[in-house]
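Open the structure in your viewer and keep the selection tool at hand. The stops below are meant to be taken in order.

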Amino acid sequence: MTETNLESLKIEAKKEIENSFDLGQIGEVFRKYLGKQGEIARILRSLDSLPKEKRAEIGKQANDFKNFINLKIEEKIKELKEKSGKGSGGKEWIDITAPGKKPSVGHLHPLTLIRRKTEEIFQTMGFSTIEGPEIESVWYNFDALNIPKDHPARDAWDTFYLKDGMLLRAHTSPVQIRFMEKNNPPFRIIVPGRIFRHEATDPSHEFDFYQLEGLMVGEDISAANFKAVIQEFYRRFFGKPVKIRLIPSFFPFTEPSFQVDMSCVNCSGKGCPACKRTGWLEMMGAGMVHPNVFKYAGLNPKGLTGFAFGMGLDRLAMMKYKINNIRLFHSGDLRFLQQF
Ligand code: PHE
């Protein structure tokens, strides 16, 4: 072994280290020069055969060479680790044992779930889903529903009026008229929709909420038919038989009119805070369609009968999911929404 040999070996080793692109290659270079059968070991073994004066010098150079390669290799390893950013050599490295990141999956709003469920049940009973505009005229919202101007009943709907004389519909009943203008009986429809009322909000009142209107018109439709349809609806919706009762009420567009109460699903009618200890929950307004309503919609009321109802969808959702504040629906609060 001569100095020139060592010098050229050093240049070669340096090149090999520089050209390594992963830990495997660096390992090979390490073995080639520093391993038991490597170049350095070979040089050290050959010292014996050298003349004495040369031994110390070559030995020292071999040592320097060893330190040099060690340093270069360390530097290269560090560089490779930094490059990959994963502490694993140049190649992309995946820890297949690491717990996965759970992607957050979107879901439907509770009111959408309730609306869909409600539509589905009524559809199986032969009702078609119809929609109508949220911005309405005074005619459809009031006049055509037999609510005359200056009649105190108009005050029952605290209405948002718009500057152009239109209004935000205060109930879904105007769609009764819109549908009957274009369709002849017999028919069964439901109308889910957003409505607006100029009211102060509290845990059970919002200024915009959702109703589901129902209208069934034909030749011999009776209040008994209405009761059967609604009872069946609740049975399917809550998954158990539910008692209902009809209480006389007043709406200008139905005669007779009822308020429909349902036995409290929370306490099965025993009395609890949800039903104010009465055992009953007020669920909707309803009645037999007033002949004037047929007339205003352009139908001949002779021989026509029908029932109509309007139920609050928010209230239904609150009962089903035991929600105690209607304002949560539009709060955008994820802690609330993520529960559905
Ligand atoms: N439109 C009425 C309301 O908003 C409810 C209703 C609908 C009553 C249909 C009778 C018939 O209060």
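The tour goes from the whole chain to the sheet, then to helices, and ends at single residues.

**Before you select anything**

This is a predicted model, in which local features need pLDDT of at least 70 and side-chain atom pairs count only at pLDDT 80 or more, while totals for chains, interfaces and linings use all residues. Residues are numbered from 1 along each chain as its sequence is written, and side-chain values use heavy atoms, with hydrogens and water left out.

**Stop 1**

**Stop 2**

Show the strands next. Helices (H or I, at least four residues) and strands (E, at least two) are DSSP runs, numbered from the N terminus. Two strands pair if DSSP finds at least two bridges between them. Strands of a sheet pair through backbone hydrogen bonds, either parallel or antiparallel.

In what order do the seven strands of the open sheet lie? The order is β1-β5-β6-β10-β9-β8-β7, and the pairing is mixed. At the edges are β1 (128–129) and β7 (244–251), each of which pairs on one side only.

Now walk through the sheet by its pairs:

- Select β6 (208–218) and β10 (305–312). They run antiparallel and are joined by eight bridges. G218 stands opposite T305 in β10.
- Select β7 and β8. Their pairing is antiparallel, over seven bridges, and a hairpin of two residues connects them. Look for I247, which faces Q259 in β8.
- Select β8 (254–263) and β9 (280–289). Eight bridges hold this antiparallel pair, and A286 in β9 is the bridge partner of F258.

Seven of the 10 residues of β8 are buried, where buried means under 20% relative accessible area, exposed means over 50%, and partly exposed lies in between (1.4 Å probe, protein chains only).

**Stop 2: a helix across the sheet**

Select α8 (223–238). This helix lies across β7, β8, β9 and β10, and runs at about 35° to β10. Such angles run from 0 to 180 degrees between N-to-C directions, and axes are lines fitted to C-alpha atoms, for helices over the stretch in contact.

**Stop 3: helix α10 and its neighbours**

Select 313–321, which is helix α10. Its buried residues are L313, D314, L316, A317, M318 and M319. Which elements do the buried residues of α10 pack against? They pack against α5 (110–124), β6, α8, β9 and β10, with contact meaning heavy atoms within 4.5 Å.

The axes of α5 and α10 are 9 Å apart, at an angle of about 100°. That makes α5 roughly perpendicular to α10; angles of 65 to 115 degrees count as roughly perpendicular, under 35 as roughly parallel, over 145 as roughly antiparallel and the rest as oblique. Show the side chains where they meet: P110, L111, L113, I114, R115 and T118 on α5, and L313, D314, L316, A317, K320 and Y321 on α10.

Step past the end of α10 to K322, whose phi is positive, near 55°.

**Stop 4: single residues**

Most residues other than glycine have a negative phi, and most peptide bonds are trans. The next places are worth a click with that in mind.

- N146 sits in the loop between α6 (138–141) and β3 (160–161). Its phi is positive, near 65°. N146 counts as buried because its relative accessibility is 16%.
- R277 is in the loop between β8 and β9, and its phi is also positive, near 65°. Is R277 buried or exposed? R277 is exposed, at a relative accessible area of 60%.
- P186 lies in the loop between α7 (174–182) and β5 (187–196). The peptide bond from P185 to P186 is cis, with omega near 5°.
- P256 is in strand β8. A cis peptide bond joins E255 to P256, with omega about -5°.

Finish at D22, in the loop between α1 (3–19) and α2 (23–34). D22 is buried, with a relative accessible area of 15%. A polar atom of the D22 side chain lies 2.9 Å from the backbone nitrogen of Q25.

Methods. Polar contact = N/O pair within 3.5 Å; in protein donor to acceptor, adjacent residues only side chain to side chain.
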